[in-house]
Amino acid sequence: MIVGLFNYWIVILMMMLGFYVVIAANNLIKKVIGLNIFQTSVFILYISIGKISGGTAPILTEGVEIYANPLPQVLILTAIVVGVATTALGLALIVRIKEAYDTIEEDEIYLQDRTL
Amino acid sequence: MSHLPALQIVLPLLAAPICLLLRKSSLAWLLALGVALCGLAISIVLFHRTLNGEIISYAMGGWEPPWGIEYRVDRLSAFVLLIVSAIAAVTFAFANRSIAREIPLQKHSLFYTALLLCLAGLLGITITGDAFNLFVFLEISSLSSYVLISFGRERRALTAAFQYLIMGTIGATMILIGTGFIYMMTGTLNMADLALRLPGVMDTNTVRAAFAFLIVGFSIKLALFPLHVWLPNSYAYAPSVVSAFLAATATKVAIYSLIRFIFTIFGVDFAFGEMPLQVILILLSIIAVFVGSLSAIFQLNIKHMLAYSSVAQIGYIIIGIALVSAVGLSAGILHLFNHALIKGCLFLAVGCVFYQQGDATIDNFKGLGKTMPWTMAAFVIGGLGIIGMPLTAGFVSKWYLVLAALEHGVVGMIIIISVLLGSLLAVAYIWRIVEAAYFNQPEAAAIERGEAPLALLIPTWILALATIYFGIFTQLSVDAAMQAAQSLLGGK
Amino acid sequence: MLLATAMASIFLRDLFALVMLFGIFSLLTASFFLNLDAPDVAMTEAAIGAGISPILMLGTLALIRNTSAPRVKKTIRATMAPILAVTITGAALIYATLDMPYLSDPLAPAHNHVAPRYIQQSLQEIGIPNAVTSVLASYRGYDTLGEVFVIFTAGIGVLALLGFMYDASGRRYSQFADTASLNNHTILHVISKITIPLILLFALYVQFHGEYSPGGGFQAGVIFAVAFILYAMIYGLEAVYKVVSMRVIRLTMVVGVLLYVGTGVASLILGGNYLDYGALAHDPVHGQHLGIILIELGVALCVASVMLSVFFNFAGRAAVPPDAMEEGDKST
């Protein structure tokens with residue numbers, strides 16, 4: 001059991017580290033990086049689903065019988081793209097926030113909005 | 001004709017990139033409006049075809065499900081498609097004049113492109129029969145709504161969009177985790193196929209956790225208390241059209257997805273029998289009604305106020321769903337429809353005020369009963385709808401909600417009391433505006449500005465009249481909601 | 001290793017180091033994917049996670065001119081709430097694993113319902129050996145269409161947020177200052193002259209060989225964009241602008257997306273379902289081939305131009321004098 005699930009536990013640990021950075025970080029860029037770590041760990045989870053022992057990459061060749069499951073890989077290709085799209089948008093927002101508030105610390109922005 | 005389900009999504013997807021190339025704002029607007037109207041026509045046809053309970057299935061790429069991606073239109077999804085595309089048609093009509101004063105001209109074609117993408121995303125979520133495809137379209141609609149919100153004039157629009165981006169992505173990632181888990185246990189992503197295969201593995205921790213993650217993910221998206229914190233600022237600082245469009249559609253589509261996962265995929269027995277979902281949902285919804293309504297009373301910015309009121313109204317919808325009876329579920333679905341009309345009407349009316357006065361704080365409303373009589377009349381109709389006065393659409397859905405609660409003994413009484421108290425609170429926050437508008441003298445500048453142009457008033461009044469129409473002639477909407485609820489609960 | 005890099009991200013306050021660390025994290029992830037028999041995904045993760053994302057993050061850091069986050073004193077409540085949320089979520093996840101099929105168990109349900117068809121029949125039905133490409137482009141081609149639109153949306157968003165600059169007199173700002181800080185390095189010039197053509201060549205290989213080996217439109221598009229970005233970093237933005245202007249990028253972005261949507265519409269017109277490439281030619285397998293080539297081209301065009309557009313918008317922003325402002329900001 002430990003061998004079979006060990007991989008997932010490590011992935012979950014990473015996922016939670018990323019999740020923690022997202023919600024606890026005060027710096028907006030750190031938040032975005034945390035989000036990326038969170039998402040990347042989910043990608044690893046998916047790809048792990050697709051692994052089959054003794055299999056190879058799902059490129060069909062003669063003489064090979066067992067292939068990894070291509071479906072999770074396809075889903076994750078899509079999800080990676082979604083992730084980078086979100087990152088790009090988030091970073092662009094950060095640049096504009098910096099220009100408008102002159103800070104990218106969450107608490108300082110909050111203070112500025114309060115005193116407005 | 002058989003390709004209608006695909007066309008419903010492909011038309012806006014096709015129009016969006018073309019829109020980017022159009023340099024002239026009015027051309028881009030005409031294209032967007034034309035597409036929205038076509039979409040409305042398609043959804044009416046689809047709605048009509050599903051009325052008798054037929055389920056339209058469309059195999060994308062010609063690959064039969066579960067190997068390919070399936071589009072699946074049943075009564076409920078046809079109804080939600082109709083709501084979204086109708087609201088889109090009305091708000092898009094409003095957009096042209098409204099954004100002229102809120103967004104710099106150079107960005108207009110970008111704005112319409114994002115609007116079309118958002119529409120396509122929302123429709124795509126509703127129509128798809130594939131769990132992962134839902135995630136993809138959820139991201140299209142989410143990313144485009146972050147963009148749309150950031151078009152707002154004030155700098156707080158940027159922080160609002162960023163906060164929404166972070167929370168929305170956490171929500172979407174949770175949905176991704178949940179989808180991954182159920183794929184792991186069943187080997188399929190098609191919703192109908194999942195419903196068949198899940199019962200076999202129901203009694204596993206993995207499926208239970210998957211369910212929890214999906215529910216939390218969608219709850220963030222639909223702004224259920226206490227995960228609603230992204231909503232008020234996003235709606236308050238977005239351009240007026242965007243507030244109206246998103247408030248009337250985005251959360252509704254998320255609620256639709258929640259219903260879809262609970263009732264179609266996991267099934268009532270699992271969701272409410274094995275998981276303590278009912279208690280949690282009803283408790284949170286009741287808190288949402290109070291917190292939302294109370295916060296609404298203290299807002300000076302009227303768009304903020306309407307946004308908090310949305311949090312409360314979402315509470316009513318979720319209460320209806322969580323009652324799990326045919327009446328309760330149809331009350332929820334009905335309120336989903338009615339609230340879309342009412343909130344759309346209110347936000348558009350505020351958009352008119354914003355257009356004329358340049359802002360929408362309570363001070364801007366002073367004396368508008370005299371200077372902008374039509375706008376304020378529409379606002380009052382919408383306000384009565386929120387309160388739930390008889391002869392407005394809001395009354396009908398609350399009536400059914402109370403009827404459903406009556407079947408539930410003590411819990412039901414608590415629900416009824418909170419619905420009544422919530423309505424009283426709604427009276428309080430709507431009254432503040434009415435008082436400002438009708439019992440104050442207008443400022444000289446406001447008199448000079450006068451009434452909003454017809455191009456803004458007509459869309460606003462379409463929704464105002466719809467609010468009254470569906471309050472008096474309830475048959476159409478009630479039947480649609482009832483039948484959708486029955487096919488969700490009963491034999492498929 | 002992965003865990004260590006992720007862990008460090010909590011405690012690092014130097015943002016520059018953090019971004020570098022994230023790049024390493026992604027590269028490690030990519031090699032892990034390769035280990036799990038997912039070369040396509042590994043390639044994408046390497047190009048995105050270790051390539052594009054850090055470049056964008058560094059670009060952002062350059063724009064905000066601030067590379068360290070100050071230490072923030074937090075109340076106990078402010079630290080406890082996230083820890084609580086994370087613990088609950090983590091516990092739910094661990095709980096979920098207890099009933100999971102073990103890693104690489106061939107009897108797991110995931111491998112035995114839908115997936116076998118992709119392995120066993122895709123060669124007859126679609127005719128290309130890379131099963132990932134078959135599923136991506138055909139069986140689940142509609143998801144990929146959605147993915148292209150997600151990227152497109154991000155392109156629109158960045159354009160809307162950063163793409164419009166006006167100088168003090170209100171004119172559209174399009175002059176680039178000296179962004180090419182590496183301009184004077186002879187070694188870089190020589191090396192880049194050799195490597196950039198190779199990168200472009202590699203991108204083309206990845207594009208057109210994607211049916212037989214790992215790769216495809218998406219990866220090719222990213223690599224293609226990276227070649228231009230490298231060129232821009234060494235020779236300056238203006239040099240790249242001579243080759244591809246913002247107008248051209250905007251156009252290719254649209255053309256790429258339309259190529260994909262259009263392929264679907266063509267199959268509609270020719271009597272198939274939406275995106276049913278089998279309708280594109282008399283022989284269904286042939287039609288599949290044609291369709292996949294077309295949409296992969298669309299994906300590559302769109303991805304490359306969005307990436308370039310995003311990069312240019314970030315880099316172009318850097319060159320703006322402080323008195324230039326977003327027009328929307330003036331009113332506030």
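The structure is a predicted model, in which local features need pLDDT of at least 70 and side-chain atom pairs count only at pLDDT 80 or more, while totals for chains, interfaces and linings use all residues. Residues are numbered from 1 along each chain as its sequence is written, and chains are lettered from A and ligands numbered from 1 in the order in which they are written.

The secondary structure of chain C consists of 13 helices and zero strands, where helices (H or I, at least four residues) and strands (E, at least two) are DSSP runs numbered from the N terminus. Two residues are taken to be in contact if their C-beta atoms, placed from the backbone, lie within 7 Å; among the contacts in chain C between residues at least 6 apart in sequence, 68% join residues at least 24 apart. Chain C is divided into domain 1 (1-100) and domain 2 (130-332), with bounds that come from an automatic or database domain assignment. The contact between these domains takes 14 residues from domain 1 of chain C and 16 residues from domain 2 of chain C.

Chain C also meets chain A, with 79 residues of chain C in contact with 71 residues of chain A. Several helices of chain C each supply at least two residues of the side that touches chain A, including α1 (2-11), α2 (15-35) and α12 (284-318), and α3(C) gives the most to this side, with 14 residues. By class, this side of chain C divides into 52 nonpolar, 19 polar and eight charged residues, where Ala, Val, Leu, Ile, Met, Phe, Trp, Tyr, Cys and Pro count as nonpolar, Asp, Glu, Lys and Arg as charged, and the others, Gly among them, as polar.

Chain A is likewise in contact with chain B, through 25 residues of chain A and 22 residues of chain B. On the side of chain A that touches chain B, α2 (28-50), α3 (70-101) and α4 (106-115) of chain A each supply at least two residues, and the largest share, 13 residues, comes from α3(A). This side of chain A has 18 nonpolar, four polar and three charged residues.

Chain B has 21 helices and two strands. Its radius of gyration, taken over C-alpha atoms, is 21 Å, close to the 23 Å that the globule rule (2.2 Å times the number of residues to the power 0.38) gives for 492 residues, so chain B is as compact as a globular protein of that length. Of the 492 residues of chain B, 70% count as buried.

Within chain B, helix α17 (residues 393-406) has 14 residues and reaches 21 Å from its first C-alpha to its last, close to the 20 Å expected at 1.5 Å a residue, the expected span being 1.5 Å times one less than the number of residues. Helix α17(B) is mostly covered, as 10 of its 14 residues are buried, among them Phe395(B), Tyr400(B) and Leu401(B). The buried residues of α17(B) pack against several helices of chain B, including α13 (302-322), α14 (326-357) and α18 (409-438).

Definitions and conventions
Buried ≥ 20, exposed ≤ 12 C-beta atoms within 10 Å, placed from the backbone.
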